[in-house]
Amino acid sequence: MELLLEFSEELPTLPERYAGHQDQMEQVIECQTPLFLAVELENTAPDAGPTAESIVRLFVSAPPEAPTSRGFASVLSQSLNGLPAAEVLAVPEDLSTRLGLQKALTPLRLRGMSAMLGRIKRNISDQLAG
């Protein structure tokens with residue numbers, strides 16, 4: 001739990017195009033706190049559409065007064081940002097359990113965290129499908 005709180009302080013700041021523009025991001029309504037995310041796929045080849053090799057760029061907005069949600073968002077951001085889309089899609093759905101978070105968090109919080117990962121993966125799949 002302490003490590004999660006440390007990660008909460010390391011959530012990257014949003015770029016200008018998203019800062020103050022949550023209407024351009026997707027809300028993760030399963031989270032207890034207002035958490036918003038945006039996923040962009042950066043093409044590896046010029047003039048190509050998104051592919052499994054496209055690089056994932058993840059942007060998350062979570063309030064400082066929600067350190068648990070913010071911490072998990074930071075873990076996802078720091079670990080998934082910059083990976084190829086195929087690798088992000090291969091992340092196991094039970095990531096929070098594999099990290100041992102079920103021992104420290106309530107089922108409601110775990111549901112929100114799983115929803116974050118699920119939305120990221122769904123967003124990538126939608127972009128790949130065109």
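Predicted model: local features only at pLDDT ≥ 70, side-chain atom pairs only at ≥ 80, totals over all residues.

Student: Okay, what's the strand order in the open sheet?

Tutor: The order is β1-β2-β3, 3 strands with antiparallel pairing. Strands here are DSSP runs (E, at least two residues; helices are H or I, at least four), numbered from the N terminus, and two strands pair if DSSP finds at least two bridges between them.

Student: And which are the edge strands?

Tutor: β1 (26-27) and β3, each of which pairs on one side only. Helix α5 (residues 107-129) packs on the sheet and touches β1, β2 and β3. Its direction makes about 35° with that of β2; the axes are lines fitted to C-alpha atoms, for helices over the stretch in contact, and angles run from 0 to 180 degrees between N-to-C directions. Contact means heavy atoms within 4.5 Å.

Student: How many bridges join β1 to β2?

Tutor: 2 bridges, and glutamine 27 has phenylalanine 36 in β2 as its bridge partner. Strand β2 (residues 36-42) and β3 pair over 7 bridges, with alanine 38 partnered by phenylalanine 59 in β3.

Student: Is β3 mostly covered or mostly open?

Tutor: Mostly covered: 6 of the 7 residues in β3 (residues 55-61) are buried. Buried is under 20% relative accessible area, exposed is over 50%, and partly exposed is in between (1.4 Å probe, protein chains only).

Student: Switching topic: what does glutamate 42 touch?

Tutor: Glutamate 42 lies in strand β2. Neighbours within four places in sequence aside, glutamate 42 is in contact with Ser54, Ile55 and Arg57. Its side chain makes a polar contact with that of arginine 57, at 3.2 Å. That term means a pair of N or O atoms within 3.5 Å; within protein, one must be able to donate a hydrogen and the other to accept it, and residues adjacent in sequence count only if both atoms are side-chain atoms.

Student: So is glutamate 42 buried, exposed or in between?

Tutor: Glutamate 42 is partly exposed, with a relative accessible area of 38%.

Technical notes. Residues numbered from 1 in each chain as written. Heavy atoms only, no water.
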